[in-house]
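This briefing turns to the ligand site, an annotated domain and a few backbone features. Please keep the sequence and the model open while reading.

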Amino acid sequence: MNNNESPCPPDGRHLDALCSAAAKALTTANRYPDSDLSALRSALARYIGHGVGADMVWPGNGSNEVLLHLLQTYGGPGRTALGFGPTYSMHEQIATVTGTRWIQADRDSHFGLSPEAAAAAIERDRPDIVFLCALNNPTGTPLDPATLDTVLHAGPGLVVLDEAYIEFSAVGSRAGLLSRYPQLVISRTMSKAFGFAGIRVGFLVASADVLTPLRIVALPYHLSTLTAAVALAALDHADELLANIPVILAERGRMRDALVSSGHTVARSDANFLFFDTGADSSAVAARLAGRGVLVRDLGPGGWLRVTVGHPDENDVFLKALADVTR
Ligand SMILES: Cc1ncc(COP(=O)(O)O)c(C=O)c1O
């Protein structure tokens, strides 16, 4: 319960469709993939909606890879990227490995980000790239639309909006803003709500002008025929795969209630994970949970842990183990 994966593997009718797509792709395994990934980009554009065209989609092996392509292209020595912590640690890591200087600003005590705080950080540091994460990992916090609006007007450079968990949110993607804000880049993934973490498909959504230079840094044929074929089949069966979302959200509500009634403070989360205050030394609690076979994520701030919503029986094991180790 430490990786924010879906607890639901593909099954039934859509598993058959995925297997057929993989089998068909294997019959052309002697050939390199379509380097334009045209079919996948078109299918992703249809899935994203909001008038997004295939030339506005950049797929890769997970959103970490496409974020790396973005930072290799627009970051680098002499450039800066700003994020608001606690947030997804790979943003900093990807910035750093590309030689981009990372600047961390803080969220408020409820892990929110006000327009004023975001504007002040941007004004102070004038970053080349601003990272926003909605829903934010590790907290699950949604992004105030006014904050996004402020950042889009204040930022001198690119604004990266990481929407890895957006399918879990009632608000939905902000891809509709792309036609008005050419500096906006949205990052999405099939790892979470689609339950496709092991297949590795992520994608950027942005103007063709922003995306075309990424072809210079990406290695040739970076996404395999097999991955593209299985992703296409999954998109064909999106409704069935995404039907797990309400089940996961109901479980999140049950876990949240149980944590609150045991006296824990739980951050507002619209995602498939919860961030809660153990009221104790979180690394010791995480280690004791691990000793009972339950893995959770200890990312800081001190005292807080992140737990992914699992199957009901896994969630029961977690809640019981937590009660035992924090007793
Ligand atoms: C906010 C956020 N962005 C991106 C990712 C990476 O996802 P992918 O599996 O597509 O590389 C994660 C994974 O945990 C995440 O939490």
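Which pocket does the space taken by the ligand form? The space taken by the ligand is the largest pocket, where a pocket is, on a 1 Å grid over the protein atoms alone, an open set of points at which a 1.4 Å probe fits, with protein on both sides within 12 Å along at least five of seven lines. The model is predicted, so that local features need pLDDT of at least 70 and side-chain atom pairs count only at pLDDT 80 or more, while totals for chains, interfaces and linings use all residues. Residues are numbered from 1 along each chain as its sequence is written, and side-chain values use heavy atoms, with hydrogens and water left out.

**Ligand surroundings**

- Around the ligand there are 13 residues, of which S63, D162, Y165, T189 and S191 come nearest; a residue counts as near if one of its heavy atoms lies within 4 Å.
- This shell divides into 4 nonpolar, 6 polar and 3 charged residues, with Gly counted among the polar ones and Tyr among the nonpolar ones.

- Oxygen atoms of the ligand make polar contacts (pairs of N or O atoms within 3.5 Å), including one at 2.6 Å from a backbone N or O atom of S63.
- A polar side-chain atom of S191 lies 2.6 Å from a ligand oxygen, and a side-chain N or O atom of R200 is 2.7 Å from an oxygen atom of the ligand.
- Taken alone, the ligand exposes 400 Å², of which the protein buries 92%, by the Shrake-Rupley method with a 1.4 Å probe.

**Annotated domain**

- An unreviewed UniProt entry annotates residues 20-321 as "domain: Aminotransferase class I/classII large", and such annotations may be inferred rather than shown by experiment.
- The end C-alpha atoms of residues 20-321 lie 41 Å apart, and the span is 40% helix and 15% strand, taken as DSSP runs (H or I, at least four residues, for helices; E, at least two, for strands).

**Backbone features**

- Most peptide bonds are trans, but the bond from N137 to P138 is cis, with omega near 15°, and P138 is found in the loop between β4 (129-133) and α6 (145-154).

Conventions:
Polar contact = N/O pair within 3.5 Å; in protein donor to acceptor, adjacent residues only side chain to side chain. 1 Å grid on protein atoms, 1.4 Å probe; cavity = no way out; pocket = protein on both sides within 12 Å on 5 of 7 lines; lining within 4 Å. Sits in = over half its atoms within 2 Å of the grid points.
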